[in-house]
Protein chains: 2
Amino acid sequence: MRVTVIAGGVGGARFLRGLRSHLREAYPNGDGGSTAEITAVVNTGDDMWLTGLRVCPDLDSIMYTLGGANDDERGWGRQGESERVSAELTAYGIGWPWFTLGDLDLGTHIARSSFLRDGLTLTEATARLSERWPLGVRLLPMSDQPVETHVEIVVDGKRRIVHFEEWWVKHRAAVPAQRFIQVGVDAAHPTPAVLHAIEHADVIVVAPSNPVVSIGTVLGVPGMRAALKAAKAPVVGVSPIISGAAVRGMADACLTAIGVETTAVAVGKHYGSRARGGLLDAWLIDETDAPGAAVLAAAGIPTTVVPLWMNDPATSAQLAADALAAARR
Amino acid sequence: MRVTVIAGGVGGARFLRGLRSHLREAYPNGDGGSTAEITAVVNTGDDMWLTGLRVCPDLDSIMYTLGGANDDERGWGRQGESERVSAELTAYGIGWPWFTLGDLDLGTHIARSSFLRDGLTLTEATARLSERWPLGVRLLPMSDQPVETHVEIVVDGKRRIVHFEEWWVKHRAAVPAQRFIQVGVDAAHPTPAVLHAIEHADVIVVAPSNPVVSIGTVLGVPGMRAALKAAKAPVVGVSPIISGAAVRGMADACLTAIGVETTAVAVGKHYGSRARGGLLDAWLIDETDAPGAAVLAAAGIPTTVVPLWMNDPATSAQLAADALAAARR
């Protein structure tokens, strides 16, 4: 059993943790692990060079969550984090004062940057970092070419283009995004490992991640949609929207910018029916959104209504099981 | 009054702190500072790229000491240091496990590396870092070109060439050095700022630093000796050897490697009389080494016998005063 998951950061991480747990039960290897293989194809559009270090927020969120080191209470970063180095950087007047890098987190960035400067691809650097953690999931960046999401905003009457993280963290996505620009996307392509994971998957899952700046960025890599269309596996998506609101993050601000309503129906239709040239063979929406199922069915998207909240390991694992079951239908 | 000091790390830092203190008393500016100017020309031969970060041990020792942030008890690094990031790097399997970078110290290395990668010279990067600290001394790297000291040693019967820090820290200089190699020295030259500081100095002091791998490395930069010879200022040296032993560090291992005895007399003769083509117009040795003064005088080196131990701010300031007085003779 090989499951390939298209994922952003926090939502993707939670889903992957649940999936890993489900597959260890459903396909046990007798040693606490699973005979099933999980590969995550991860958004790298939030990546940036910050004070000379390569920061990959989504890859790290997933790595820390699956590695058992994520600060679940805060939702991101490492447990027991401190910020002594960042205070030094601020004292030296460098970096973004509103984007604090934790000390433990910095270890990852320093190691990654060192690997990249030694000539490793991001895929190889991610594999080196992953060796340390008991992940049970293979982490793949969507591309080895840098693709950085920038956002056009208007501040004090002036049009500005800022890095996604500046809009997301500094402005808390409260300044309306005029549009998203994927800097570098034209020169990017899915890695051979990503293409292999899509081609040889038994099931492909679109995680409940931001449909615009996480999943949308992955899908925007030239060749990615074609690979997904050509895959023999069914593609099942999990709605990141429940009852008209993003489960986490500020997906509504992103959806609004691209003219899509913040509803499970609108996002499902935005992804589109695979039978009609879109992405999805199946779509999971929450029970509270059940009335939308008929609209989705009419749009050619087979929809399953299940509880979508991932409150704990048990509900997360159940959601993963539901997604795989929907894919089999 | 302009004093230019050729300096290595710890010994140089202590001497500079004493000199700053003395000049604030001798040439007060009415505001707690001094009208005198101190410029330190600092050895960069111990510098290295470590996990993608540029580490400059001597510049940092001086910056932290003059900035009041040095861990005087340990002798190097920052007060109140922690090593959380280094533990992460070790967990990722990168870096030198025997060369721990403190968290606060890492802030300096990250900032410096970022400046260098932005295209600043090391001189400019050092000035940017210095802005943060109340130094009262202008810090100048000896050169903007990297010059890294490597050491030839024999380990398990095999000839190996290792970075100076590996020999110094990992091997505690206990493995005999066959020779020192200044990697990059042929392409290096003193910076314009260094040449200006030497040309326009009223006094030039050779700090009580390691004569081989600190002072020797500075002197080895092509053009440096010629600049010192041409300087109108007297050159006064302070012996780093007292009673046949290095005051700090393992200078004896370095001196032995180049065939120089570990005595104040031998080091004075190694530097040589300026009147006879060497470096020194004056040489300070400790009271315990007083019997050697006659030998030094015979070698054309005017020698002053004073207490050399820098035990506290008062003795350090007195030593600086003694050095300036010797230069005036």
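A salt bridge is taken here as a side-chain nitrogen of Lys or Arg within 4 Å of a carboxyl oxygen of Asp or Glu. The model is predicted, with local features requiring pLDDT of at least 70 and side-chain atom pairs pLDDT 80 or more, whereas totals for chains, interfaces and linings use all residues. Residues are numbered from 1 along each chain as its sequence is written, chains are lettered from A in the order in which they are written, and side-chain values use heavy atoms, without hydrogens and water.

In a salt bridge between A:Glu88 and B:Arg78, the N to O distance is 2.8 Å. On the chain A side, helix 2 (57–66), helix 3 (84–91), helix 4 (103–117) and helix 5 (122–130) each contribute at least two residues touching chain B; helices are DSSP runs of H or I with at least four residues, numbered from the N terminus. Helix 4 of chain A gives the largest share, 10 residues. This side of chain A comprises 15 nonpolar, seven polar and eight charged residues, where Ala, Val, Leu, Ile, Met, Phe, Trp, Tyr, Cys and Pro count as nonpolar, Asp, Glu, Lys and Arg as charged, and the others, Gly among them, as polar.

In total, 30 residues of chain A are in contact (heavy atoms within 4.5 Å) with 31 residues of chain B. The buried area between the chains is about 2400 Å², with 61% from carbon and sulfur atoms; buried area is the accessible area (1.4 Å probe) that two parts lose on being put together, summed over both.
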